[in-house]
Amino acid sequence: MNPIQERYKSIFGAEQSELLDNVYEYAFRMHDGQFRDSGEPYIIHPTAVASILLDLGLDCNTIAAALLHDCIEDTPATESELRTLFGDKITELVLGVTKLDKITFKSKEEEQAENFRRMFFAMAKDIRVILIKLADRLHNMRTVDSISEERRRAMAKETLEIYAPLASRLGLSYFKCELEDLCLKVLHPQVYGSLVDEVSLKRAERTELVAAICSRLTNLLSELNIKGEVSGRPKHFYSIYKKMTKDNRTFDQIYDLTAVRVIVDTVRDCYEVLGMIHTMWKPLPGRFKDYIAVPKPNNYRSLHTTVITSYGMPFEIQIRTYEMHKIAEYGIAAHWKYKENRSGNNDLDEKLQWLRGVMDVQSESSSPQEFYESLKLDLYSEQVFIFTPKGDVLALPEGATPVDFAYCVHSAIGNKCIGAKINGKIVPLETKLQMGDYVEIITANNSKGPSRDWLRFVKTGQAKTKIKAFLKKELKEDNIKKGKEMLEREAKNRGYSLSALMMPKWLDIVMQRYSISSIDDLYASVGYGGFTVNQILLKLIDFYNKEIATTREFHKEGSKQNRHDGQGIVVNGHSDLLVRLAKCCSPVPGDEIVGFISRGRGVAIHRTSCPNLKNAEQFRLIEAHWENVPTSSFVVNLQVHATNSSGLLLKLTALISEMKLSIDSLNARVDKSRKAVIDVGVKVYRLEDIDALMKKIQSISEVENVFRSTGA
């Protein structure tokens with residue numbers, strides 16, 4: 001048996017093991033002949049992901065989905081086949097992890113953003129999706145050395161931005177610490193290597209000190225008749241690196257390289273041990289945190305205190321119960337690993353409160369990019385704990401304001417907010433909240449809604465998204481008017497007219513880039529703060545300046561060369577400019593014509609009816625007309641559609657010969673409907689020759705249609 005089979009057979013019963021055998025054999029068959037960048041058989045990856053999830057104690061369906069998670073994306077396997085073979089539950093988990101490789105995106109950034117939005121949608125339905133995805137990313141980061149440096153750095157950056165903070169939010173220190181260390185190794189290899197060496201050199205010294213402190217604490221538990229265990233836990237490398245960069249300290253100035261952990265049976269024991277520690281060693285002011293009374297959003301609970309030991313060095317001590325320790329290590333996965341210890345049916349729902357907030361933002365986001373930026377904003381921030389009037393605790397990012405608090409409570413509270421009290425005192429809405437503040441929101445039913453100015457100071461992605469959604473939906477007409485006025489005012493300040501900048505071709509590029517569907521939506525987006533004035537205006541000004549520079553350069557070059565076209569064409573009153581006849585419509589003397597200023601190639605002369613001018617920039621069109629009828633001939637291209645019959649070409653060529661005209665080119669073919677299509681180029685001297693020729697060709701019995709074309 002494969003090692004993964006031995007593992008799951010030792011955990012699951014006969015029926016579940018048989019299912020996993022079938023899944024493994026199917027995955028092995030689908031990935032047969034595929035190899036990773038390292039040269040190893042691809043099946044090694046899904047089995048490694050499944051093994052990581054077995055360590056977390058996940059259920060049979062999750063292990064099955066882990067083994068299959070790349071099948072739909074990378075093999076001939078289909079969704080319907082998986083449903084038939086393994087059922088809906090396993091297939092839904094696989095689909096939740098599968099990337100969006102069958103959808104076309106405008107950019108790599110949009111694809112990445114939409115991937116995360118879909119992943120979170122699936123995660124909201126079943127949290128096991130993200131556990132599989134985290135295990136997938138962990139194994140990819142463990143084996144990242146086999147891919148190119150560019151891909152390696154991109155993966156590490158994404159992992160550090162999204163996956164590691166996400167693991168932290170879900171309480172999965174099992175994933176978080178290793179992911180962060182692996183990212184540090186990729187992004188800052190010299191720093192990582194230096195830290196490994198420094199920690200190794202101090203290991204003996206630290207081990208002796210930690211052993212002495214653990215011994216003192218073990219004796220303390222014995223004196224208090226409290227059952228428990230004491231151990232030392234070294235800080236992971238990224239944690240040390242973050243502390244060095246944040247506080248601008250050297251490695252020698254980092255004292256708490258190891259945290260001592262005390263694990264006991266009850267909450268009462270936690271506080272009793274804490275009290276005795278503070279009588280034995282002096283606590284550092286401001287370094288005590290009670291996460292038992294006020295748990296983190298990921299349900300992490302513990303007492304943290306930093307004390308000055310008798311050895312003259314500060315030391316962090318963590319005190320928690322065994323149940324708290326399981327949650328701290330396994331986070332959301334403890335729901336499966338320690339099912340017998342769950343406190344109630346809604347235990348998992350409480351842990352997913354933050355995720356519900358994320359999905360609330362997702363439903364209001366106007367684009368995948370907006371959701372992605374909002375997600376990064378919420379994941380990255382350090383947190384403060386704030387009390388509601390009912391005594392509930394809300395976790396908000398550091399720097400959050402009463403407006404963020406209001407929207408965290410409920411979007412209706414935020415929309416009706418007109419003021420706030422912090423600790424009983426009325427304060428400005430942009431006031432930054434501090435740890436432990438008691439906040440009360442003042443609302444009014446006749447409130448006009450959130451102010452656009454709030455977007456300047458709110459911190460949470462949830463608040464930003466809710467405010468933008470309200471402004472966008474409720475005040476669209478006002479936003480359109482305001483947005484247009486803002487653009488006009490800024491354009492005028494910069495010395496431009498907005499109407500001159502709003503050329504359709506330029507607007508199409510800008511609107512496509514920002515996923516805007518109409519001019520009104522563009523104005524409204526600026527009006528409610530979705531995009532800044534400069535985001536739109538600077539791009540339009542850039543297009544305008546490039547085109548004006550091209551036009552000026554053309555006139556400059558035209559006067560230098562003093563070229564006559566030889567065709568008797570007058571452009572904008574000048575007969576000495578560099579001109580050429582456009583091949584797309586082949587104008588001849590007598591046609592109504594117009595000039596088009598091209599980059600570096602002079603003026604292209606088109607027929608006014610040429611379809612290629614339909615979307616041309618108006619400022620690049622220039623008046624042109626024939627000065628006189630030249631003696632040289634012109635080639636006109638005709639296309640003839642006719643019933644396919646013998647002798648058709650003979651009739652056509654004979655007719656052209658009768659008019660004393662010569663053929664420049666001829667191409668005949670049969671189309672899909674078995675009709676004859678003939679492209680013929682004929683040399684003519686006058687426009688009247690073309691009209692006469694087309695009438696005679698139309699008189700041939702087999703001919704259905706004849707018209708001027710762009711070329712033979």
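Strand S17 (residues 634–643) and strand S19 (residues 675–684) are joined by ten bridges and run antiparallel. In this predicted model, Thr 643 lies opposite Lys 675 of S19.

**Four-stranded sheet**
- The strand order in this open sheet is S18-S19-S17-S20, with antiparallel pairing.
- S18 and strand S20 (703–708) are the edge strands; each has a single partner strand, so one side of each lacks a neighbour in the sheet.
- From one strand to the next, the twist averages 15°.
- Helix H28 (residues 648–658) packs on the sheet and touches S17, S18 and S19, its direction making about 15° with that of S19.
- Helix H29 (residues 687–698) also packs on the sheet, in contact with S17, S19 and S20; its direction makes about 165° with that of S20.

**Nonpolar surface patch**
- Leu 649, Ile 663 and Leu 666 make a nonpolar surface patch of about 220 Å².
- Leu 666 is located in strand S18 (residues 662–670).
- The relative accessible area of Leu 666 is 37%, which means that this residue is partly exposed.

**Three-stranded sheet**
- A second open sheet has the order S10-S9-S11, and its pairing is antiparallel.
- Strand S10 (425–427) and strand S11 (439–443) form the edges, each pairing on one side only.
- The twist here averages 35° from one strand to the next.
- Strand S9 (residues 417–422) is connected to S10 by three bridges in the antiparallel sense, and Lys 421 has Ile 426 in S10 as its bridge partner.
- Helix H20 (residues 402–409) packs on this sheet, touching S9, S10 and S11, with its direction at about 80° to that of S11.

Definitions and conventions
Residues are numbered from 1 along each chain as its sequence is written. This is a predicted model: local features need pLDDT of at least 70, side-chain atom pairs count only at pLDDT 80 or more; totals for chains, interfaces and linings use all residues. Side-chain values use heavy atoms; hydrogens and water are left out. Patches are made of residues with over 30% relative accessible area and no salt bridge: like charges are joined within 9 Å, nonpolar side chains (Val, Leu, Ile, Met, Phe, Trp, Tyr) within 5 Å. Accessible areas come from the Shrake-Rupley method with a 1.4 Å probe; for residues, only the protein chains shown count as cover. A salt bridge is a side-chain nitrogen of Lys or Arg within 4 Å of a carboxyl oxygen of Asp or Glu. Helices (H or I, at least four residues) and strands (E, at least two) are DSSP runs, numbered from the N terminus. Buried means under 20% relative accessible area, exposed over 50%, partly exposed in between (1.4 Å probe, protein chains only). Two strands pair if DSSP finds at least two bridges between them. Axes are lines fitted to C-alpha atoms, for helices over the stretch in contact, and angles run from 0 to 180 degrees between N-to-C directions. Contact means heavy atoms within 4.5 Å.
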